[in-house]
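Subject: Structure handover

Hello,

Here is the structure I promised to pass on. Please open it alongside this note. My findings follow below.

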Amino acid sequence: MKFLCLECNERMVFEEREVPGDGTFSAAFSCPGCGRRIALLANPMETQLVEALGVKVGGSTLQEKPMELVRSMMVGGEEVLSGARSVPVWSEEAKERLSRVPAFVRGMVKKLYTDYAAARGIAEITPSVMDRAREDLGLEGM
Amino acid sequence: MSPRLPRYHEVGGEDRSRLLEQVLAQRERVEQRLAQVRRVVAVMSGKGGVGKSYFTAVLAGELAQRFDRIGVLDADLAGPTVAALLDARGPLGARGQTVTPAAGRAGIQVFSADLLLPEGEPLRWKEPAGERFVWRGALEAGVLREFLSDVEWGPLDFLLIDLPPGASQMQDLAELVPRLSGAVAVTIPSEESRRAVSRAMRAAKEAGVRLLGVVENMSSYRCPGCGGEHPLFRGSAAEELAGEFGLSVLGRLPFEPRGASVFLGSERREIGEIADRLLELLG
């Protein structure tokens with residue numbers, strides 16, 4: 001979308017935008033030649049159409065949080081996703097050690113270690129974290 | 001007479017909104033997220049109530065006995081059931097820019113709108129009332145895209161996608177996941193189901209989706225007393241659909257009043273044979 005000042009044959013430049021919270025969207029543009037200002041005013045349906053695409057007017061490709069569309073458009077989505085607990089990552093060494101656990105219990109063991117680390121705010125599960133968990137949880141042989 | 005108005009491409013300068021760029025970046029994220037998934041298989045039907053979610057759950061259970069890493073994405077936003085069938089519950093986890101799926105039975109990773117909705121609450125959108133039909137389709141396709149791109153699926157042997165009834169989501173999925181391995185169509189034996197599923201299969205084919213075969217659910221009722229099998233519906237939808245599209249009937253599942261738990265983690269011949277045929281097709 002471009003705005004052209006027909007008097008000056010100059011492309012108008014974006015100045016500012018406002019999202020007042022009533023479902024509408026406003027943006028101001030001005031002509032660099034004559035300084036004339038115009039406003040783009042979108043009604044709730046037009047604003048919603050753009051939001052439904054998961055894109056941002058003004059051109060941002062940065063994703064601040066996962067599932068922005070769910071957060072912004074689904075009732076309850078923001079609350080649920082804000083409550084998502086932080087999940088620790090597994091180091092390569094820890095993954096290798098986990099792979100030696102028999103397949104039929106591996107999922108359960110992985111969950112035990114993951115829950116252990118998450119509950120203690122441990123960001124990465126390493127073999128030493130696994131050793132500590134084994135001691136604390138009595139997981140001999142896992 | 002006024003001079004003609006300038007055209008878009010006659011006015012210089014970059015497109016500040018970069019909407020196309022943003023949409024392409026979204027697609028790129030889906031591709032990156034699924035890069036470690038070996039096979040992505042959709043479960044579809046043109047008709048509701050044929051047991052797509054049930055079949056998805058029991059197939060996932062069967063595959064989990066053969067592979068370590070199975071994921072299930074419930075694309076039915078309004079009527080999500082797979083998470084409950086697989087006993088996957090929240091709270092969800094977050095890791096950086098991603099949400100981690102919930103772990104269900106046999107370590108199956110599950111993501112579903114069911115995990116995002118408060119208990120007993122229907123799916124609702126923040127929307128201006130009265131205009132929802134205009135943008136609902138775009139929004140649902142966008143949420144499906146986020147379920148693919150913003151969930152940390154990690155390395156998977158299989159990602160099964162349980163689609164809602166109808167044809168449009170299959171087409172959306174085909175655009176979002178160009179390397180979709182294929183789709184399995186689920187029907188019940190009746191003529192009504194055949195007609196609806198045929199339309200959906202045709203739409204999938206037109207979208208370039210590889211149809212893998214047909215599964216007939218509720219093909220019969222197994223009497224718990226005598227053990228005999230009796231038909232539940234008149235019709236031969238699976239055979240007719242397979243013939244129409246040049247496919248095989250991957251298998252038939254009897255009506256099971258005890259639900260999916262009977263199949264999950266157990267040795268049921270029918271679902272095992274369906275999995276065998278699917279694996280043959282997918283390699």
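Contact here means heavy atoms within 4.5 Å. This is a predicted model: local features need pLDDT of at least 70, side-chain atom pairs count only at pLDDT 80 or more, and totals for chains, interfaces and linings use all residues. Residues are numbered from 1 along each chain as its sequence is written, chains are lettered from A and ligands numbered from 1 in the order in which they are written, and side-chain values use heavy atoms, with hydrogens and water left out.

**The interface**

In chain A, 44 residues are in contact with 49 residues of chain B. About 4,200 Å² is buried between the two chains, and carbon and sulfur atoms give 62% of that area. Buried area is the accessible area (1.4 Å probe) that two parts lose on being put together, summed over both. Of the area that chain A buries against chain B, A:K2, A:M67 and A:M74 supply 16%, more than any other three residues.

There is one salt bridge between chain A and chain B. B:D68 and A:R106 form a salt bridge through their side chains (3.0 Å, N to O). The rule for a salt bridge is a side-chain nitrogen of Lys or Arg within 4 Å of a carboxyl oxygen of Asp or Glu.

**A:K2**

Look at A:K2 next. A:K2 sits in the segment before β1 (4–5) of chain A. Strands are DSSP runs (E, at least two residues) and helices likewise (H or I, at least four), numbered from the N terminus. Not counting residues up to four places away in sequence, A:K2 touches A:R11, B:Y8, B:V11, B:G12 and B:G13. Its side chain reaches the backbone oxygen of B:Y8 at 3.4 Å.

**The cores**

A nonpolar core is a set of buried Ala, Val, Leu, Ile, Met, Phe, Trp, Tyr and Cys residues joined through side-chain atoms within 4.5 Å. Buried means under 20% relative accessible area, exposed over 50%, partly exposed in between (1.4 Å probe, protein chains only).

The largest nonpolar core has 94 residues. B:M44, B:F55 and B:M170 are among those with the most contacts inside it. Helix α2 (residues 52–64) of chain B gives the largest share of this core, eight residues. A second, separate core has 14 residues, including A:L98 and A:Y113.

What does B:M170 touch, not counting residues up to four places away in sequence? The list is B:A42, B:M44, B:L163, B:L180, B:A183, B:A204 and B:V209.

Best wishes

Conventions. Polar contact = N/O pair within 3.5 Å; in protein donor to acceptor, adjacent residues only side chain to side chain.
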